[in-house]
Amino acid sequence: QVQLVESGGGLVQPGGSLRLSCAASGSNFSRYTMGWYRQVPGKQRELVATITSIGITNYANSMKGRFTISRDNAKNTVYLQMNSLKPEDTAVYYCNAKYARAYWGQGTQVTVSS
């Protein structure tokens, strides 16, 4: 069983930056593919970025060059550095862990507005 707790969301102005963190409980964190997804009301949850157990990353096209996913296996934590934020990045951001099955965090709200 894995529990995921996201933090770091909040209100930021367009062009600003935020760093999200996701702390995972349980063992074998280094084996998990970790990911960030986001969702706005009325729309499907969409991929933001993933990082495999060996550090291979994948990004949705609209996030490439602006967002960076990373992980610290010693701290059981995955991060999402978000730069050059736009109003359309406003969403609830969810952490995901996948190995034999998928686990989700409770989400953290990111609002980009002036």
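Over the ring of which residue does the charged end of R101 sit? The views below, taken from a predicted model, include this contact in the last legend.

**View 1. An open antiparallel sheet of 4 strands.** The strands follow the order β1-β3-β8-β7, and their pairing is antiparallel. Residues 4–7 make up β1 and residues 67–72 make up β7; these strands stand at the edges with a single partner strand each, so one side of each has no neighbour in the sheet. From one strand to the next, the twist averages 15°.

**View 2. The pairing of β7 with β8.** Strand β8 covers residues 77–82 and joins β7 in the antiparallel sense over 6 bridges. In this pairing, F67 stands opposite M82 of β8. M82 is also among the residues with the most contacts inside the largest nonpolar core.

**View 3. The largest nonpolar core, with 30 residues.** L4, M34, W36, L80, M82 and Y93 have the most contacts inside this core. At least two core residues come from each of β3 (18–24), β4 (33–39), β5 (46–51), β7, β8, β9 (91–98) and β11 (108–112).

**View 4. The tilted pair Y32 and Y99.** The model has 3 aromatic pairs. In the pair of Y32 and Y99, the ring centres are 5.6 Å apart and the planes meet at 50°; this angle falls between the limits of 30 and 60 degrees, so the pair counts as tilted. Y32 belongs to the loop between β3 and β4, and Y99 to the loop between β9 and β10 (102–104), so the pair links parts of the chain 67 residues apart. Y32 is buried, with a relative accessible area of 9%.

**View 5. The edge-to-face pair Y37 and W104.** Here the ring centres lie 5.1 Å apart with the planes at 70°, which is over 60 degrees, so the pair is edge-to-face. Because Y37 lies in strand β4 and W104 in strand β10, the pair ties together parts 67 residues apart in sequence. Y37 is buried at a relative accessible area of 16%, whereas W104 is partly exposed at 40%. R45 lies over the face of W104, at 4.6 Å from the ring centre.

**View 6. The aromatic cluster and the charge over Y103.** Y32, Y99 and Y103 form one aromatic cluster. The charged end of R101 sits over the ring of Y103, at 4.1 Å from its centre.

Methods:
Residues numbered from 1 in each chain as written. Predicted model: local features only at pLDDT ≥ 70, side-chain atom pairs only at ≥ 80, totals over all residues. Heavy atoms only, no water. Pairing = 2+ DSSP bridges. Axes fitted to C-alpha atoms, helices over the stretch in contact; angles between N-to-C directions. Core = buried A, V, L, I, M, F, W, Y, C linked by side-chain atoms within 4.5 Å. Buried < 20%, exposed > 50% of the residue type's maximum accessible area, 1.4 Å probe, protein only. Phe/Tyr/Trp six-rings, centres within 6.5 Å; stacked < 30°, edge-to-face > 60°. Lys NZ or Arg CZ within 6 Å of the ring centre and 35° of its normal.
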